[in-house]
Amino acid sequence: MDQYALIMRHEDGGKIASPEQMEIWMKQTMDWIGSIAAKNKFVGGTGLPFDGARVVKHNGIVTNGPFGEIKETIGGFITVKADSIEEAVEFAKGCPVLQGEGNSVEVRRIAQSDGTH
Amino acid sequence: MESSELIPHLFRTEFRKITAVLGKQFGIGHLDLAEDIASETFLSAMENWSYNGLPANPVAWLYTVAKNKAKNRIAREQLLNEKIVPELKYTATSTEEIEIDLSQKNSTDSQLQMLFAICHPSIPKEAQVGLSLRILCGFGIGEIANAFLTNKETITKRLYRARERLREEKIPIEFPSEKEISQRLDTVLTTLYLLFSEGYYSQNGDSFLKKDLCMEAIRLTTMLVENPLTNRPVVNALLALMYFQTSRMEARINASGDMILYDDQDTGLWDYELISKGGYFLNQAATGETISKYHLEAAIAYWHTIKEDSKEKWESLLMLFDQLLEIDYSPMAALNRIYVLSKVKGKEAALEELKKLNETGNPFFHTLLGELYSGIDYDQSIDHFQKAYSLVHTDAEKRNLSRKMELLGR
């Protein structure tokens with residue numbers, strides 16, 4: 001069974017969202033992860049705070065975020081176990097950030113290093 | 001994964017506590033800083049708890065993070081701008097010495113003191129209500145804009161100006177002196193009354209938001225009742241009024257958002273627990289010597305929770321409206337009085353009095369004329385319902401009037 005990273009790209013809603021809205025988003029994310037964990041396919045994940053982010057360029061220049069298009073900024077990712085890319089895609093479809101227009105979840109297989117493949 | 005349940009509205013509840021405590025500590029000029037730190041705290045919680053589950057003690061987690069963020073911000077402000085430091089209320093020289101007291105007592109006191117600061121007579125009423133929603137209720141700009149049926153930019157500007165005003169006037173965040181308190185309390189109650197009305201009477205179709213606004217007004221008024229300094233008959237009267245009105249909220253609006261007239265309301269939808277709370281606070285309110293408009297409005301609202309028609313009911317209501325108009329005249333109350341008068345003295349007598357009120361631009365004036373003429377003069381009745389129809393703005397009101405005209409046609 002492969003592992004996949006589900007990478008969430010969305011706007012920095014935290015700065016404009018009300019406390020109530022943040023609580024709702026959080027609850028939805030917990031439910032989403034909970035449904036994957038219930039199948040014993042959740043590996044781990046983390047949010048990536050937008051504030052204080054930096055980008056280091058090839059010539060050593062350091063810039064502040066945001067980086068590129070606002071809606072394409074990575075806000076977090078989770079890692080799941082899945083039998084196929086299709087199954088991983090099904091997990092991604094339940095991600096609450098997809099409620100926001102223009103937001104997306106990228107599904108990427110994680111390279112294995114144990115030579116079992 | 002941690003499976004413990006999240007307390008509903010935890011973020012909103014804790015937002016106002018953290019903002020009030022930090023706001024009091026930083027001083028009135030730095031309310032935005034307090035709001036920022038509180039917001040960032042919930043952002044951190046969202047980024048952590050979403051993936052790792054709830055911590056064992058969510059509230060303690062939030063307070064620790066809020067305190068650390070506050071200390072970091074103070075240290076950063078000190079480095080960046082020495083000028084801001086004398087304005088800050090703390091006197092400690094290093095961030096280790098800064099104490100941020102998020103205890104129950106300090107949090108309640110800070111919220112009440114903040115309520116008095118925000119409801120200062122020098123701040124425009126609308127801004128008082130908006131700032132209260134933001135700082136004391138933990139609403140977001142979008143939610144406040146929805147409540148006022150306006151856009152976010154308008155609210156952002158309004159709140160910005162209100163904060164500037166508080167800063168310029170150097171309004172202290174503290175309880176008013178014994179001498180001032182009655183007068184200051186009046187302003188606070190007016191704001192709470194407006195906040196409540198925003199939820200109860202607003203044309204906004206979002207019934208959850210409406211109920212939330214009413215419950216927030218009740219919560220803030222309850223805080224005043226629970227403090228010996230502000231537990232006065234007039235505050236209890238306002239709280240009674242709010243409970244009586246809220247008790248009929250579910251019955252007032254149907255599934256498609258239309259207003260249901262009092263006579264047609266399903267009393268099964270009335271909340272009798274809220275009615276009995278209203279009764280309790282109305283009793284508490286009866287201890288003073290003065291009768292405020294809240295006393296009278298609460299008593300009027302009480303009679304509306306008694307569905308059975310009786311001579312006593314309408315005569316009591318008429319007397320209450322007479323008293324209310326004497327101390328606080330409003331066209332709506334005058335028109336409502338005439339409706340009551342028609343129940344006590346008949347339609348003809350009510351029509352006589354109604355014609356003396358020259359409220360030709362008020363749709364309710366024409367609706368009432370239409371009602372009173374029904375069964376007496378069909379043409380007049382239809383004519384006034386049509387005038388009312390041309391004056392109302394919402395579809396719900398138009399549907400209501402169409403229905404009345406249909407009933408007349410039979």
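Contact here means that heavy atoms lie within 4.5 Å of each other. In chain B of this predicted model, among contacts between residues at least 6 apart in sequence, 66% join residues at least 24 apart.

## Chain B overall

Chain B holds 19 helices and zero strands. Its 410 residues include 53% that count as buried. The C-alpha trace of chain B spans about 80 × 50 × 35 Å along its principal axes.

Asn400(B) sits in helix H19, which covers residues 395-409 of chain B. Is Asn400(B) buried or exposed? Asn400(B) has a relative accessible area of 13%, and buried means under 20%, so Asn400(B) counts as buried. Once neighbours within four places in sequence are set aside, Asn400(B) is in contact with Met259(B) and Leu261(B).

## The sheet of chain A

In chain A, four strands form an open sheet in the order S2-S5-S1-S6, with antiparallel pairing. Its edge strands are S2 (42-47) and S6 (104-109) of chain A, each of which pairs on one side only. On average, neighbouring strands of this sheet are turned by 15° against each other, direction ignored. Strands of a sheet pair through backbone hydrogen bonds, either parallel or antiparallel.

| Strand pair | Bridges and sense | Residues standing opposite |
|---|---|---|
| S2(A) and S5(A) | five bridges, antiparallel | Gly44(A) and Thr79(A) |
| S1(A) and S5(A) | eight bridges, antiparallel | Asp2(A) and Ala82(A) |
| S1(A) and S6(A) | six bridges, antiparallel | Ile7(A) and Glu106(A) |

S5(A) covers residues 74-82 and takes part in two of these pairings, with S2(A) and with S1(A). Why is S1(A) described as largely enclosed by the rest of the structure? Six of the eight residues of S1(A) are buried, so the description follows from that count.

Chain B also meets this sheet. Helix H2 of chain B, residues 31-52, packs on the sheet and touches S1 (2-9), S2 and S5 of chain A. The direction of H2(B) makes about 180° with that of S2(A).

Elsewhere in chain A, Ala37(A) belongs to helix H1. Ala37(A) has a relative accessible area of 29% and is therefore partly exposed. The C-alpha atoms of Ala37(A) and Val80(A) are separated by 8.8 Å, although the two residues are 43 apart along the chain.

## The second largest pocket

The second largest pocket has a volume of about 560 Å³. Its lining comprises 25 residues, and those nearest its centre are His10(A), Glu11(A), Gly13(A), Trp25(A) and Val97(A). Which elements give two or more residues to this lining? They are H1 (19-37) and S5 of chain A, together with H2 of chain B. H2(B) gives the most, with five residues. H2(B) is also the helix that packs on the sheet of chain A.

Sorted by class, the lining of the second largest pocket has nine nonpolar, 11 polar and five charged residues.

## The largest cavity

Rolling a probe the size of a water molecule over the atoms shows where empty space is left. How many cavities of 30 Å³ or more does a search of the whole structure find? The search finds one. The space in the largest cavity amounts to about 30 Å³.

The residues lining the largest cavity are Tyr193(B), Phe196(B), Ser197(B), Tyr201(B), Leu241(B), Gln245(B) and Glu297(B). At least two residues of this lining come from each of helix H8 (181-200) and helix H10 (233-247) of chain B. H8(B) gives the most, with three residues. By class, the lining of the largest cavity has four nonpolar, two polar and one charged residues.

Note on methods. Residues numbered from 1 in each chain as written. Chains lettered and ligands numbered in written order. Predicted model: local features only at pLDDT ≥ 70, side-chain atom pairs only at ≥ 80, totals over all residues. Heavy atoms only, no water. Buried < 20%, exposed > 50% of the residue type's maximum accessible area, 1.4 Å probe, protein only. Pairing = 2+ DSSP bridges. Axes fitted to C-alpha atoms, helices over the stretch in contact; angles between N-to-C directions. 1 Å grid on protein atoms, 1.4 Å probe; cavity = no way out; pocket = protein on both sides within 12 Å on 5 of 7 lines; lining within 4 Å. Points joined across faces, edges and corners; volume = space filled by probe spheres on them. Nonpolar A, V, L, I, M, F, W, Y, C, P; charged D, E, K, R; others polar.
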